Amino acid sequence: MHVHLTEPDKAAACKQLIEQLHQCHESGLMAKYTGMCNDAKRALDQCLRQERLDRTARNREAAKMRDAKWTDAQKKYAEL
């Protein structure tokens, strides 16, 4: 399951792919249910996955920085 696609800030990088998928789905039931939109969906899934991986990497780096700051604070406190 991916992020709710109507929230503009969560999927800004994939906006064009989201619009393509919506247009494909709106073009008719045959396109939606016979697999004609599968390429658009796969591209969107890849984009959202990459966005999630990038966000995870940023969060991991931020956590490392917070952990290092906390460790330094503990060392300074232990020296008192």
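Among contacts in the chain between residues at least 6 apart in sequence, what percentage join residues at least 24 apart? The share is 56%, where a contact means heavy atoms within 4.5 Å.

## Model and overall make-up

This is a predicted model, in which local features need pLDDT of at least 70 and side-chain atom pairs count only at pLDDT 80 or more, while totals for chains, interfaces and linings use all residues. Residues are numbered from 1 along each chain as its sequence is written, and side-chain values use heavy atoms, with hydrogens and water left out.

The chain holds three helices and zero strands, so that its elements run α-α-α from the N terminus on; helices (H or I, at least four residues) and strands (E, at least two) are DSSP runs, numbered from the N terminus. Of the 80 residues, 16% count as buried, a term that stands for under 20% relative accessible area, with exposed meaning over 50% and partly exposed in between (1.4 Å probe, protein chains only). The chain exposes about 6,900 Å², of which carbon and sulfur atoms supply 55%, the areas coming from the Shrake-Rupley method with a 1.4 Å probe and, for residues, only the protein chains shown counting as cover.

The 12 residues of helix H1 (residues 15–26) should span 16 Å at 1.5 Å a residue, and the end C-alpha atoms are 16 Å apart, which agrees; the expected span is 1.5 Å times one less than the number of residues. Ile18, Leu21 and Cys24 are the buried residues of H1. They lie on the same side of H1, because they cover an arc of only 125° around the axis, taken from the directions from the helix axis to the C-beta atoms. Their cover includes helix H2 (29–33) and helix H3 (38–79), whereas the face of H1 turned away from the buried side carries the exposed residues Gln16, Gln23 and Glu26.

Lysine 15, also in H1, is partly exposed at 49% relative accessible area, and its C-alpha atom is separated by 9.7 Å from that of cysteine 47, 32 residues apart along the chain. Just after H1, glycine 28 takes a positive phi of about 145°.

## Salt bridges

The count comes to three salt bridges, each a side-chain nitrogen of Lys or Arg within 4 Å of a carboxyl oxygen of Asp or Glu. Arginine 42 meets aspartate 39 at 3.1 Å, N to O, and both lie in helix H3, three residues apart; aspartate 39 counts as exposed, at 60% relative accessibility.

Lysine 41 pairs with aspartate 45, with the closest N and O atoms 3.2 Å apart, and the two are separated by about one helical turn because they are four residues apart in helix H3. Glutamate 61 and lysine 64 form a salt bridge at 3.8 Å, N to O.
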